[in-house]
Amino acid sequence: IYVANCSDNLWMTWMVVILVASFAIFAEQKWKWAARVSSAVVCIFGTVILANLKILPTTSSTYDVINNYILPLSIPLLLFKSDIKKIYKESGKSFVLFHVASLGTFIGAIIAGFIFRDVSNVNGVVAMEVGAHIGGTVNLIAMANTFNVDTNFTNAAAIAANFLVMVLMLVLTQISEMKFFRNKFPHPHIDEIENSNTDKTKSLAEQYWKPKEISLLDLALTLGTTFVITAISQSLCGIINNTSAPDIIKQLFGNIYLMMTLLTVLGCTLFPKFFSNLRGAEEMGNYMIMLFFVALGATANLADIAKLGSIILVFILLIVIFNIGLTLLGGKLLKCSLEEIIGCINATIGGPTSAAAFSINRGWSKLIVPSLLVGLWGYVIGNYIGVIAANLVSMF
């Protein structure tokens, strides 16, 4: 109660934010229920509860710092493995199938956009949904900023997207265990884990996030690099937005999230050795994203979310139907395994962390890297496809 009544008490607010994020990570690694729903969902719904119980303030400069500084800094950190050549070589069939799943997202969002063509700024909503369900929540925020989508709509869509990920992971778990799908597709990774003897004393998430060697120099180089990329991106965006360039150019290159993505991917592809040696980036990036999810949950207005629920629900249903349907069909034609199909569905709708976490929790160790890589590719292309989709819908 004290924290909520004193929204200017930044130390107390920061304390709760950090504790919630840390608890979510701890829970995911220690308890099965949390591993199933993911640390992101624990963060969001944990702070939704705390805010509605008046334990956390719904507005605070703490959240502004997270959204304006910590979130942008996390993007390069999460993309330090985005060497395009490596993604193409190591993801195998998943790379091709991922684009089929992305096409499903694109078609579903376009149809939903046509249905709600009379809704104000529907093209921005389409861009958000395409970005979110080809890349992840970070892409959703980028598209919301690009098309000036109302904050309530953005929060509602972001929370719905993460709730969808939670439900999706449960659904995909059931799909992986159903005889119908096992009879239709090969499933070598499922067979391997069912016939293996894994360490049952630790969760698979805990085993993946095991301690790694890291030095003070590693931290300095990693943080220094992400600050350089973020600062240069901000400056370039300012220059581009102050020109008389067409709107689509400003949408593609005047948004800090898209510019950071472009610069990071170029750096990782041109200087793969340097970026691959930046230790601690994955851990720091994921922790920063957890802080963003905490802030997202705290600022959510449940009444506004309820009002916008029907629109978001239609978008989600159409995206899921076309995404899963096309991915299953494409997987059959490409002779992909059931696990690869599930990984691509998860990588598009949930993003790289969700896809990797699912593979980790299911014990599909050989699919962790491919799922993560194609998910990272979704981060890269999701926003650009979102811009294309938005401009297409605006023609209706």
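Of the residues of helix α8 (residues 122–132), how many are buried, and is the helix mostly covered or mostly open?

Modeller: This is a predicted model, and what follows should be read with that in mind. Helix α8 is mostly covered, with 11 of its 11 residues buried.

Asn-121 lies in the loop between α7 (93–115) and α8, and its phi is positive, at about 60°, although Asn-121 is not a glycine. Most residues other than glycine have a negative phi. Asn-121 has a relative accessible area of 28% and is therefore partly exposed. A second case is Lys-54, found in the loop between α4 (39–52) and α5 (61–79), where phi is near 65°, again a positive value in a residue other than glycine. Because its relative accessibility is 53%, Lys-54 counts as exposed.

Leu-164, which lies in helix α10, touches His-133, Ile-316, Val-320 and Ile-349 when residues up to four places away in sequence are not counted. With a relative accessibility of 11%, Leu-164 counts as buried. Its C-alpha atom is separated by 9.7 Å from that of Val-41, a residue 123 places apart from Leu-164 along the chain.

Two packed helices are described by the angle between their axes and the distance between the axes. For helix α9 (residues 137–146) and helix α10 (residues 151–177), the axes come within 10 Å and cross at roughly 165°. Angles over 145 degrees count as roughly antiparallel, and α9 and α10 are therefore roughly antiparallel to each other. The crossing in which α9 passes α10 is right-handed. On the α9 side the contact involves Thr-137, Leu-140, Ile-141 and Ala-144, which meet Thr-154, Ala-157, Ala-158, Ala-161 and Asn-162 of α10. By class, the residues of this contact of α9 with α10 comprise six nonpolar, three polar and no charged.

Helix α10 also has a contact with helix α21. The axes of α10 and α21 come within 12 Å and cross at roughly 40°, and the two helices are therefore oblique to each other. Here too α10 passes its partner, α21, in a right-handed crossing. The residues that meet are Val-165, Met-169, Leu-172, Thr-173, Ser-176 and Glu-177 in α10, and Ser-354, Phe-358 and Arg-362 in α21. The contact of α10 with α21 has four nonpolar, three polar and two charged residues.

Helix α21 (residues 352–362) in turn packs with α22, their axes coming within 7 Å and crossing at roughly 170°. The pair α21 and α22 is therefore roughly antiparallel. From α21 the contact draws on Pro-352, Ala-355, Ala-356, Ser-359 and Ile-360, while α22 contributes Leu-367, Ile-368, Ser-371, Leu-372, Gly-375, Leu-376 and Tyr-379. Nine of the residues in the contact of α21 with α22 are nonpolar, three are polar and none is charged.

One residue of that contact can be followed individually. Ser-371 lies in helix α22 (residues 365–393) and, at 5% relative accessibility, counts as buried. Leaving aside neighbours within four places in sequence, Ser-371 is in contact with Gly-343, Ala-347, Ala-355, Ala-356 and Ser-359.

Not counting residues up to four places away in sequence, Thr-222 touches Leu-77, Phe-80, Leu-278, Arg-279, Ala-281 and Met-284. The C-alpha atoms of Thr-222 and Gly-254, which are 32 residues apart along the chain, are separated by 25 Å. Helix α18 (residues 281–298) has 18 residues and reaches 26 Å from its first C-alpha to its last, close to the 26 Å expected at 1.5 Å a residue. Of the 18 residues of α18, 16 are buried, so this helix is largely enclosed by the rest of the structure.

Note on methods
Residues numbered from 1 in each chain as written. Predicted model: local features only at pLDDT ≥ 70, side-chain atom pairs only at ≥ 80, totals over all residues. Heavy atoms only, no water. Axes fitted to C-alpha atoms, helices over the stretch in contact; angles between N-to-C directions. Helix = DSSP H or I, 4+ residues; strand = E, 2+ residues; numbered from the N terminus. Parallel < 35°, antiparallel > 145°, perpendicular 65-115°, else oblique. Left-handed = near helix turned anticlockwise from the far one by under 90°. Contact = heavy atoms within 4.5 Å. Nonpolar A, V, L, I, M, F, W, Y, C, P; charged D, E, K, R; others polar. Expected span 1.5 Å × (residues − 1). Buried < 20%, exposed > 50% of the residue type's maximum accessible area, 1.4 Å probe, protein only.
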